[in-house]
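Here is a short briefing on one protein model. Look through the sequence and the structure, then read the points below.

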Amino acid sequence: LLPDLGSYTAEAPSNIALVKYWGKYGEQLPKNTSISYTLDNCKTKTEVVLKKRIEADDQFHFEVYLDGDLKPAFKSKIETFLKRIETYTPFLKSFEFEIHTKNTFPHSSGIASSASGMAALSKCFMAMENSVKPELTDEFLAQKTSFLARLGSGSACRSTGAKLVVWGKHEDIEGSSSFFGIDYPHEVHPNFRAFQDSILLIDEGQKQVSSSIGHDLMHGHPFAEQRFQQADDNISKLKSILSSGNFDEFFALVESEALSLHAMMMTSSPYFILMKPNTLEVINKIWELRRSEEVQIGFTLDAGANVHLLYPNTSSARVRKFITEDLIQFCQGDKVIHDQIQF
Ligand code: PMV
């Protein structure tokens with residue numbers, strides 16, 4: 001039974017990890033458990049158009065468009081993804097199709113679109129499957145969507161559903177799995193249910209190191225085992241912080257995670273420094289503000305130079321002033337993207 005010709009659409013948000021995923025094995029399985037907040041505004045919107053039924057051969061027949069323009073350069077990454085999910089989405093080879101995608105955030109702003117992009121595409125594929133199998137339960141759909149997204153980009157499995165998502169089997173997290181992300185199942189204090197994330201664009205250039213190269217560098221890394229253990233310990237610590245509502249402990253853990261991720265890259269072979277001088281300027285300013293005025297604010301980083309400023313709504317007025325007066329000078333083209341997490 002094949003889905004009807006026509007258009008299948010979905011959107012998926014970006015996410016920002018509090019405990020980082022860095023290091024994988026096998027079929028995109030994580031070496032440690034990670035947890036992320038799902039952003040409200042930075043999203044990818046994708047439409048898959050099934051144009052024509054064909055006799056299945058050993059090829060995928062598709063094109064990729066970004067903002068309406070044909071993007072042959074994106075094809076190989078998506079083709080790798082399609083091959084990985086082929087056994088779970090066997091209908092795809094029976095169609096000629098087009099993938100149309102756009103992001104609500106500026107392209108090549110340094111914000112990774114792979115998580116939201118792979119999540120949105122996985123949702124489209126599941127919409128096709130669901131169209132011929134209406135009996136599928138919400139739980140099955142949620143798990144399989146995240147499972148597929150993981151095979152596109154590991155962190156994408158944390159962008160297919162809930163607002164606070166755990167990926168990776170962990171004894172302290174009920175129902176956790178290395179195969180898909182789950183809605184964080186334990187108590188979350190109201191302090192951590194409404195957060196702002198202002199993304200300071202320090203460097204808009206191409207990423208110096210792709211995350212797949214980064215993950216590979218954890219093989220044979222001298223500190224790999226300690227790092228995986230640290231991350232898993234941090235999940236347990238974060239669990240009690242999330243229920244207690246303690247901001248100081250939260251920011252200490254989240255900042256340490258970001259710096260540990262960067263420390264792994266500085267100590268791998270070959271080594272990389274992904275921060276820029278302005279990243280450090282911003283971090284020092286944040287610490288200064290926190291020390292001198294006791295403002296609730298902290299930062300995290302992805303595998304790049306941009307800084308995510310995290311703060312509760314109660315700090316908003318002070319932090320917005322802080323950004324325009326003290327931080328904007330360190331951003332490329334004065335660019336800041338204000339996003340938030342609410343649940
Ligand atoms: O999903 P990937 O393979 O692009 O890995 C992303 C890894 C980090 O963004 C650096 C951390 C994380 O957990 O999101």
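Residue classes come first: Ala, Val, Leu, Ile, Met, Phe, Trp, Tyr, Cys and Pro count as nonpolar, Asp, Glu, Lys and Arg as charged, and the others, Gly among them, as polar. This is a predicted model: local features need pLDDT of at least 70, side-chain atom pairs count only at pLDDT 80 or more, and totals for chains, interfaces and linings use all residues. Residues are numbered from 1 along each chain as its sequence is written.

**Overall fold**
- The protein has 8 helices and 13 strands. Helices (H or I, at least four residues) and strands (E, at least two) are DSSP runs, numbered from the N terminus.
- For 343 residues, a compact globule would have a radius of gyration near 20 Å, and the protein agrees, with 20 Å. The radius is taken over C-alpha atoms; the globule rule is 2.2 Å times the number of residues to the power 0.38.
- The C-alpha trace spans about 70 × 45 × 40 Å along its principal axes.
- Of the 343 residues, 44% count as buried. Buried means that 20 or more other C-beta atoms, placed from the backbone, lie within 10 Å of the residue's own.

**Two domains**
- The assignment gives domain 1 (6-183) and domain 2 (191-342). Such bounds come from an automatic or database domain assignment.
- The C-alpha centres of domain 1 and domain 2 lie 25 Å apart.
- Their contact takes 27 residues from domain 1 and 32 residues from domain 2. Two residues are in contact if their C-beta atoms, placed from the backbone, lie within 7 Å.
- On the side of domain 1 that touches domain 2, β1 (6-19) and β4 (34-53) are the elements that give two or more residues. β4 gives the most, with 7 residues.
- That side of domain 1 has 12 nonpolar, 9 polar and 6 charged residues.

**Ligand shell**
- The ligand is surrounded by 15 residues; the closest are Ala17, Tyr21, Gly154, Ser155 and Ser211.
- Two or more shell residues come from each of α2 (114-132) and α4 (211-216).
- By class, the shell has 6 nonpolar, 7 polar and 2 charged residues.
- Domain 1 and domain 2 each supply at least three shell residues.

**Helix α2**
- α2 has 19 residues and reaches 28 Å from its first C-alpha to its last, close to the 27 Å expected at 1.5 Å a residue. The expected span is 1.5 Å times one less than the number of residues.
- Of the 19 residues of α2, 15 are buried, so this helix is largely enclosed by the rest of the structure.

Notes:
Buried ≥ 20, exposed ≤ 12 C-beta atoms within 10 Å, placed from the backbone. Near = placed C-beta within 6 Å.
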